[in-house]
Amino acid sequence: GVPANVAASKREGESEAEEMGEEEQAEPHARFWHEVPEDERRLWEVLGWTQNSWNADAPEPASLTTPWRKLSKEERRAAATLGFDDEAWAEQVAAASRGTGH
């Protein structure tokens, strides 16, 4: 079996990873583009993000202010994989519309 202190440590690490994941969805652009894992970058790219737009060197993509129902199936699938649902996406669109997005 796994020693209790190792199992407890692993559980704590999993909890921290989950918390970090929640923070990343709320503030995805707190990281530089090169720090985003490649598979996650591909999902953001489906939504129109590029290294330049992510790093604020270019305009943000149109998807940032596009309502969930108007996203393409591929965009909705990418957004869902990133942890968004229609409500979370609506919050992000509202924040972007107020100028407080990303």
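Visitor: Buried or exposed: which word describes Glu40 and Arg31?

Guide: Happy to start there: this is a predicted model, where local features need pLDDT of at least 70, side-chain atom pairs count only at pLDDT 80 or more, and totals for chains, interfaces and linings use all residues. Residues are numbered from 1 along each chain as its sequence is written, and side-chain values use heavy atoms, with hydrogens and water left out. Buried means under 20% relative accessible area, exposed over 50%, and partly exposed in between, using a 1.4 Å probe and protein chains only. For both Glu40 and Arg31, the word is buried.

Visitor: How far apart are the closest N and O atoms of Glu40 and Arg31?

Guide: Side chains of opposite charge can pair when their charged atoms come close. A salt bridge here needs a side-chain nitrogen of Lys or Arg within 4 Å of a carboxyl oxygen of Asp or Glu, and the whole structure has two of them. In the one between Glu40 and Arg31, the closest N and O atoms are apart by 2.6 Å.

Visitor: Which helix holds both Glu38 and Arg42?

Guide: Glu38 and Arg42 form a salt bridge too, with 2.9 Å between the closest N and O atoms. Arg42 is partly exposed, at 46% relative accessible area. Helices (H or I, at least four residues) and strands (E, at least two) are DSSP runs numbered from the N terminus. Glu38 and Arg42 are four residues apart, about one turn, in helix α2.

Visitor: Why is the pair of Trp49 and Trp54 edge-to-face rather than stacked?

Guide: Rings of Phe, Tyr and Trp (its six-membered ring) pair if their centres lie within 6.5 Å; planes under 30 degrees apart are stacked, over 60 edge-to-face, and the rest tilted. That rule gives seven aromatic pairs. The ring centres of Trp49 and Trp54 are 5.8 Å apart, and the pair is edge-to-face because the planes lie at 80°.

Visitor: How far is Trp68 from Val93, C-alpha to C-alpha?

Guide: Trp68 sits in the loop between α3 (51-54) and α4. Leaving aside residues up to four places away in sequence, its contacts (heavy atoms within 4.5 Å) include Arg76, Phe84 and Trp89. Trp68 and Val93 are 25 residues apart in sequence, while their C-alpha separation in space is 8.8 Å.
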